[in-house]
Amino acid sequence: MSFRLFFTTAFLGLMTIACSDPKKEPATLLIHGGPIYTVDSTQTMVEAVATKDNKILFAGSLAEAEAYQNEQTQIIDLQGRTMTPGLIEGHGHFMGLGYNELNLDLIHTTSYQEIVDAVAQAVKSAEPGEWITGRGWHQSKWDALPEDAVNGFQTHYKLSEVSPDNPVYLRHASGHAGFANAKAMEIAGLTALDKEGVNKFEVKGGEVMMDNLGSPTGIFNERAMTLITQHIPETTPEKSIKAFELAVAACHRNGITGFHDAGIGRETIALYNQMKDEDKLGIRMYAMLTGWDKELLEEWYEKGPVVDPDHLFTIRSVKLNCDGALGSRGAWLLEAYSDRPDHFGHETLPMEFVKETALNGLQNGFQVCAHAIGDRANREILDRYEAAFDELPELRADHRFRIEHAQHLHPEDIPRFAGLGVIPAMQAVHMSSDRPWAIDRLGEKRIKEGAYMWQDLLRSGIPIVNGTDVPVEPLNPIASFYASISRKTLKGLPEEGYEPEQKMTRDQALRSYTLDAAYGAFEEAIKGSITPGKLADFTIYDQDLMTVPESDVLKTQVVMTIFNGKIVYGK
């Protein structure tokens, strides 16, 4: 029999009213009929949950829950399906998610030729001179590199051939590099040295890759990307609203009810406020102010955090981008890259600004969330956080500063997270995607001692916030859950998992997507577990991802999402 979630008003109302306690507050929703994992230590599983509008009234036995039922109560019979608290994307880029559905999505490409073919197809429908943009390519995930590759990256010539008149700019999957064709570089004035012989290709904190003849290859790493991106026309309000709506729908399809948006500016803040005013927000947004806009930060330091009493759009943190990605060799390392011995990555933000921001955060009530992938970036940020805590010891209590990614750590720095109370926000699916080639970047010793060290961090006493870093990875929490518990690629390799001693348990993995993610946003009192008084956000699956064989976890599908006490997605 095909599955359908059965919900209806209670036709058996006369019977239940006769048995119910008239003093009980009537529920608007009653859910039962399958495993319900609460992520609440007082009762880890319950038979039924009753809600009143957007709050949880009761979680416990079905017999007790039925006392909250009346003729208006809507019933959801899980029919054996599984429910958890609503999932929280602990680090992503919300508008990037939406725009990825509007622009070229290259995340599944397996060769340079596939990128060229996708652009050639886009040229057919583009207006003359119109920019063609996209994101998602990753050269380390291709079947093979082109023969003319430079520093492990493709060159622009084939791309330029299929799009001679339309400028093209394609972001790396990580977002830390970009690929431009000749027309885009021509518009940016980056075809040769200028008349005075000044090299326009040198950018502090970034790199324009050049071939052996001194010509740009089309690859722009880290802060050098702005040489191209400053020439791309700004989006329209209509396109931004469409991207927003697509992102909300994608979250609901994936069981995501909360989202930590890692770095937004003025325009996005205005858009989110508009969507909230129009009752279209549809997600609990925990936003980080972009650290690139110092004027914006100063304005917010002056007025202080905004914690939304409706729990829909809160701003109380700052995002700093302090190094690059491992795939583009932009991650800042203590020792050189194993596959590029003269290169250590990039410090993309001065470390003195990290300390300055940490001090401002403590003084003005803002959490600081610093992007760090390489071991040197992680160490330098921990050093700056610690210096700020030492300088303002009276303000360090419950700061909940974070390091976003914390992907590669020196072993000596692992216990410092718990010691300083710094939360690692780590996207487990990155291990699944990156580990097969990351060993080429770091070598076996550094990988085994310091990469994706989930269990070591958890055992030290600090929680982990999980997520996908969408659109770097697809917004699929099941994939990240699987990576967390298996340490395997999404193809199920290797059989024993990479560094299996670092696997999370299933309970740890679920917490990292619910209660621990809520803790990372100061919101554990209102969401993250199925506990009376908390918000009525739930995710329902077609099978029990907590008990099915590991090999079947990736087959799990989200079949319903309940947000604010209402069904917002049903499959």
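Helices (H or I, at least four residues) and strands (E, at least two) are DSSP runs, numbered from the N terminus. The structure is a predicted model, in which local features need pLDDT of at least 70 and side-chain atom pairs count only at pLDDT 80 or more, while totals for chains, interfaces and linings use all residues. Residues are numbered from 1 along each chain as its sequence is written, and side-chain values use heavy atoms, with hydrogens and water left out.

An open sheet of 7 strands was found, with parallel pairing and the order β7-β14-β15-β16-β17-β18-β19; two strands pair if DSSP finds at least two bridges between them. Its edges are formed by β7 (87-92) and β19 (423-425), each of which pairs on one side only. From one strand to the next the twist averages 25 degrees, where axes are lines fitted to C-alpha atoms, for helices over the stretch in contact, and angles run from 0 to 180 degrees between N-to-C directions. Strand β7 runs parallel to β14 (residues 256-264) and is joined to β14 by 4 bridges. Leu87 stands opposite Ile256 in β14.

A nonpolar core is a set of buried Ala, Val, Leu, Ile, Met, Phe, Trp, Tyr and Cys residues joined through side-chain atoms within 4.5 Å. Buried means under 20% relative accessible area, exposed over 50%, and partly exposed in between (1.4 Å probe, protein chains only). The largest such core has 104 residues, and Phe94 and Tyr385 have the most contacts inside it. A second, separate core comprises 19 residues, among them Val119, Ile132, Leu170 and Phe179. With contact taken as heavy atoms within 4.5 Å, and neighbours within four places in sequence left aside, the residues in contact with Tyr385 include Val354, Phe401, Arg402 and Val422.

Several local features fall in the loop between α16 (477-486) and α17 (506-512), where Thr489 is found. Thr489 is buried, with a relative accessible area of 13%. Apart from neighbours within four places in sequence, Thr489 is in contact with Ser432, Pro436, Tyr482 and Tyr498. Pro494 is also placed in the loop between α16 and α17, and the peptide bond from Leu493 to Pro494 is cis, with omega near -10 degrees. Glu499, found in the loop between α16 and α17, has a positive phi of about 45 degrees although it is not a glycine. Glu499 is buried, at a relative accessible area of 6%.

Another cis peptide bond runs from Val470 to Pro471, with omega near 10 degrees; Pro471 lies in the loop between α15 (454-460) and α16.
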